[in-house]
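Thanks for coming. I have one structure to go through today, so let me put it on the screen.

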Amino acid sequence: MKFQAPKGTKDVLPGESYKWEQVILKFKNIVSLAGYGLTVSPMFEDANLFKRGAGESSDVTRKEMYEFQDKGGRLIALRPEGTASIVRAFIEHSLPTPFRTWYLTPAFRYERHQKARYRQHHQLGVEVLGALSPSVDVEVIDLAGTFFDSLVLKDRELIINSMGDENCRPQYKEKLLKYLISNKASLCDEHIEHFELNPLRVLDCKTESCRSIVSGAPKIDENLCSDCEAYYGRVLDGLSQLGIKARKDPTLVRGFDYYTRTTFEFTSHVLSGTQNAIGGGGRYDNLVESLGGPKTPGIGFGIGIERILLVMSELGLEMDEQKRPDVFIVDLTNGSLNSELSHKLRSHGISTIISGQETSLKSQLRMANKSNARVCIIIGERELKDGKVSLKDLDAAGDEIVEINRVEESVKNILKNH
RNA sequence: GUGAUCGUAGCUCAGUUGGUUAGAGCGCUAGGUUGUGGCCCUAGAGGUCGGGGGUUCAAGUCCCCUCGGUCACCCCA
């Protein structure tokens, strides 16, 4: 076997991809109802866009980016997350606000893969730019929840937090830093080195040592300025009015530095401990400005397609089955009727598969059977002489001879009886 | 980046303390008399035992390296 998919990637083949189609279509339908339009942007960008977007302390940009120089000497990176590109496009085209959009994108992260973790995974997401109101935060979270509901994915928890803004976060950071310095000796190896880069990241650390320190650390939601506190309260109220349960977690710090105020994550207990997130997002009111655009608030989320499919399969939640083909055409004459018939049937919305083989009747019928089609049309010399073909209901025995110009009608009759 | 574990046909796996031409089930292909699928029967194709090196008279079986899969840590979807 000479070539294989690169380490940490996989092919999604038709036997599996029909589930993807359903997931994507459901997502699209839900966000379209809220006025979100699709954005398709390049999968690679100037590497600095992601670095400045996600931030220098983010692991994703610090050590997991697929970076390379192109032939023109430009430093390029494969997209590790969806938001930065949307914001870049928003700025580049000076789009009118509010800008509501959704996307479907692969995301690349150079890391060792394991369960529910790939070097290329796929995210569905939305972003809203230029709208600052708790109702937008509530809408965005509600859309994600509605999407999960549409998949009957009930095994999930919504975790929420507020990261504050430029008024209160620096003060909190300072306070936290002081606390951490006084407890520095007990931090884990990683954070004893890096905690000054972004002390907030320590809150998220899963090691025993850091966690015991964090439990005594000042809580961010108790150190919000009055604006942020009021905003957070209104978001929580809005959610509860919709009956959306959210668990407040002041240690929820997401992987990107750009978040302000509302951050949230959807988790499923089906996934193992620390990689239980099936989606997450938050507000980023300074990101547009920091990437060179006008001061514009923003909020969005991303949902991992592989993760939700994994959760669904572990929960035994089935997607709709693949549709059976309506017709399979067996051709014993190698003539042109095959093409004409299949073209005509398809133009009437009847799905039609041709055998594509010039082999024996038995062989082609075996194929027809395997295709799981409802009806088989056999084009044979004997019937053709009289302008007829043979028609079989593959769920029954026997067959009938029908005139070629009445095939469509006869096929529809058989399809109806089901 | 760290640690563990595995790697035999398309798939799931057998392969005795290292010993003759490497097996099974499923799948695939073709047949089972002249043009009728599913069930059944028969036959066939398909493997340099992940790759490279070493030990040995002899290696799928032992050792080393490497690539890949799986899982955990870190971090994330």
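Chain A has an average pLDDT of 92, and 98% of its residues score at least 70; pLDDT is the predictor's confidence in each residue, from 0 to 100. For the model, ipTM is 0.88 and pTM 0.93. This is a predicted model, where local features need pLDDT of at least 70 and side-chain atom pairs count only at pLDDT 80 or more, while totals for chains, interfaces and linings use all residues. Residues are numbered from 1 along each chain as its sequence is written, and chains are lettered from A and ligands numbered from 1 in the order in which they are written.

Now the RNA. Around RNA strand B there are 57 residues, of which G255, Q275, G304, G380 and R382 come nearest; near means a C-beta atom, placed from the backbone, within 6 Å. Several elements give two or more residues to that surface, including β6 (120–129), α12 (305–314) and α14 (361–371). Helices here are DSSP runs of H or I, at least four residues, and strands runs of E, at least two, numbered from the N terminus. Seven residues come from α14, which gives the most.

Next, S339. Its place is in helix α13, residues 337–347. Is S339 buried or exposed? S339 is exposed because 12 other C-beta atoms lie within 10 Å; the cut-offs are 20 or more for buried, 12 or fewer for exposed, and partly exposed in between, with C-beta atoms placed from the backbone. Between the C-alpha atoms of S339 and G164 there are 65 Å, with 175 residues separating them along the chain.
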